[in-house]
Amino acid sequence: MEMTFTAEDRAFAEDVRSFIESTMPPHIKAKADIGGSFNHAETMEWHRLVYQRGWAAPDWPVEYGGAGWNVTQRYLYSEEQVRANAPGLSPFGLGMVGPLIIQFGTDDQKARYLPPILAGDEVWCQGYSEPNAGSDLASLQLRADKDGDDYILNGQKTWTSAAQYADWIFLLCRTESRGKKQHGITFLLVDLKNTPGITIKPFLTLGGTPAFSDTFFDDARVPQANRVGPEGGGWTIAKALLGHERTGIGGVGRSGAWLRRLKRIASESPRGESTLLRDPTMRRRIARLEMRHRALTMMNYRALSAAQLGRAPGPESSTLKLLGSELQQQITELAMDALGHDAQGWLETPEGTLEPHQRNIASEFCYLRAATIYGGSNEIQRNIIAKNILALPGT
Amino acid sequence: MNFDLSKEQKMIVDSVAAFVKEASGVERFRRTRTSDLGWERDAWRAMGDYGWLGIVAAERYGGIGGSFVDLALILEQLAHGLTPEPLIPSLVLAGGLIERLGNEEQKQELLPPMIEGRTSLALAYAERQSRFDLDDCRTRATVTRSGGYSIDGEKTWVQNGHAANTVVVAARTSGSQTARDGVSLFLVPGDIHGLERTPLTGMDGHRAAFLRFSGVQLPGSALLGTLGEAVPALEWAIDRAAAAACAEGQGLLDEMFRRTVDYLKEREQFGAKIGSFQALQHRAADMFAELELCRGAMILAAIKADSEEPEERMAEVSAAKLQLTDGGWFIQENAIQLHGGVGVTDEQDVGLYFKRLRVLQSLFGDADHHVERFQGLARFERGLAAG
């Protein structure tokens, strides 16, 4: 067990840093420097630049476009991305459906879907939750009836992140309503842009941005060839995918960026003759969160290291999700405190009354109430830990 | 970078775990806690024979020259059985300072017998008024006409101070009570004339001593390291002791948590195993999460305990000690709570782990001390100026 870096490692980190510095377009860099959040177009622009360097999905197997890095390189790469406040790439293709197609897809599916995911030419979203299937995901009701070589979809998905920008959706649907509810679920890939009968209605969250949509299916026809895994085998795939999702939404890297942003706000807020960053109480509150973040970072890298050894994210990803989402909330809660009166500010507050990089803090603070809910609520994560890790008895 | 144990490290873990299982379980601790010594010379000697007492010492003193992580693994495993022998005072505090600062003669005289398990050591630094400030030192050493030193003052809660063959003593040779410069270290035989040792038994059953120095006469050769420059070395040693406390604490927490989960699977109320109740399942899940966080922080602190860059070492040690104190507390208070009434009896082992943890949380800096130190590091504000 050691954490030393060889001259080769340091050269690698230097390589990543200079790539980021030399490649990041000025308008993205301007936002990165103030710790701003990136819109869809900016994220995809950065995705394509990273892709051209061959680093869009470093963790994928090399044959599908992965970078073939060891644990140290992965660590250094993510450290440099976080340090530069680079836009985080959309996880739905690269981190979720991509690895799943690699694991469960046919050769045809791999050839069709993986290259455009990697290149950022096709954007994905996730269709899991329904109005009556939240924590109890297996009770989902989106119907898929067989008709010739197709399925006909009828029903509704909700909480579909960024569906208005997506070209494709991966979803869970019901192909059998008898028997155990988990057994009648099938995993499908659906072309959102070219399938008649699909309606997407974005809605506002507490954060004031249309981060999610309701997605309606009305006799939407999808080829059976778009099924991943066997009919009725969707639940197994869904569970594998939730592991990938939870590791990502621990948000350890994002929390690191938020901590720096928090200190920046404190350093810009006058407090008597000095600034809020000199205020002893505020400093200690920030320090406590940063110290906890360090422990979480180490946990994250140990999980990465395990993944590198070929072990898929297992129930331990629930622990990361649980701790990481709570820490994200605590940091934004403290950022609100740091703003004082300016905590009232909102997305459109005019320049001159609120710094541009402070306008979205209240919005993010509100939006991140979702962090302990999405990806399986933290109560569900505790159930998973109790059952799958601690083997506590059922009721 | 690699977070897996090496083959050698796995062997260390296995051999210490076997020792705890066969020869150093809680029953032994229940015996030693009421004995005068508080630990056992035979067990200490056995640890010397296994090579554990020299794990971080250089080979020319009979050591193995391993990393601090190796030592952390040993401490973690020994904690499963509440092993009471004075590894932290002997190896990490006094032993560490002697090897870092001593001249060849001092090292050859003091290190090999300790590494073989024939002697034990202690570090006397804390005073009744000093709290965790290492530069707050009232004990004075004055130069005598013969070129030696005369020591007067008091040191409190000296871990293993009741038994140590040699005590490393911090004493002020110049400057005011809280000046960073002017503190020196001295090698003091435990049985020297003018040193009164009052044995103390801690809440955890471990032994310490209150030391009173009344004109203790030392030769010039008793000085350890450079005159007046002891504080940075003390900071280094106390940091490593804090990292060691986190390693020992990890073993205690692991054991407490395992026993608690076992109890949830056994105990029945309302006609069901209490572990089937969701309120208790969620508590256990939260305890597990904090335990994993403790482990991450502890490993990072153990790795960085060897760092020669002080800020790097301080940041990780403070983060780990905070987590042991905050996250660890959540685990230990709930371990008692979930055991119910029996958790509050002396007969139930879980309370013994609880008490040792509480002591480790106060030793080498509590949560507030480490938060205070962390926010004062230069790295806390690095990168902000550039935006």
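The contact between the two chains takes 51 residues from chain B and 46 residues from chain A. Contact here means heavy atoms within 4.5 Å. Together, chain B and chain A bury about 4,600 Å², with 64% of it on carbon and sulfur atoms. Buried area is the accessible area, for a 1.4 Å probe, that two parts lose on being put together, summed over both. Which residues of chain B lose the most area to chain A? They are B:Met1, B:Phe3 and B:Phe380, together 19% of what that side buries.

A word on the basis. This is a predicted model, where local features need pLDDT of at least 70 and side-chain atom pairs count only at pLDDT 80 or more, while totals for chains, interfaces and linings use all residues. Residues are numbered from 1 along each chain as its sequence is written, chains are lettered from A and ligands numbered from 1 in the order written, and side-chain values use heavy atoms, with hydrogens and water left out.

Now one helix pair across the chains. Helices (H or I, at least four residues) and strands (E, at least two) are DSSP runs, numbered from the N terminus. Axes are lines fitted to C-alpha atoms, for helices over the stretch in contact, and angles run from 0 to 180 degrees between N-to-C directions. Under 35 degrees counts as roughly parallel, over 145 as roughly antiparallel, 65 to 115 as roughly perpendicular, and the rest as oblique. Among the residues of H12(A) that meet H8(B) are A:Glu379, A:Arg382 and A:Ile389. On the H8(B) side, B:His282, B:Asp286 and B:Phe288 are included. By class, this contact has five nonpolar, four polar and three charged residues. Ala, Val, Leu, Ile, Met, Phe, Trp, Tyr, Cys and Pro count as nonpolar, Asp, Glu, Lys and Arg as charged, and the others, Gly among them, as polar.

Helices H4 (residues 68–79) and H5 (residues 87–101) of chain B have axes within 12 Å, crossing at roughly 170°. That makes H4(B) roughly antiparallel to H5(B). The H4(B) side of the contact is B:Phe68, B:Leu71, B:Ile74, B:Leu75 and B:Leu78, and the H5(B) side is B:Leu87, B:Ile88, B:Leu91 and B:Val92. How do these residues divide by class? Nine are nonpolar, with no polar and no charged.

On to the strands of chain A. Strands S2 (residues 143–147) and S3 (residues 150–161) of chain A run antiparallel, joined by five bridges. Two strands pair if DSSP finds at least two bridges between them. A:Asp147 stands opposite A:Asp150, and A:Asp145 stands opposite A:Ile152. The hairpin has two residues between the strands, and A:Gly148 takes a positive phi near 60°. What else does S3(A) pair with? Strand S7 of chain A, residues 212–223, in the antiparallel sense over ten bridges. There, A:Tyr151 has A:Val222 as its bridge partner.
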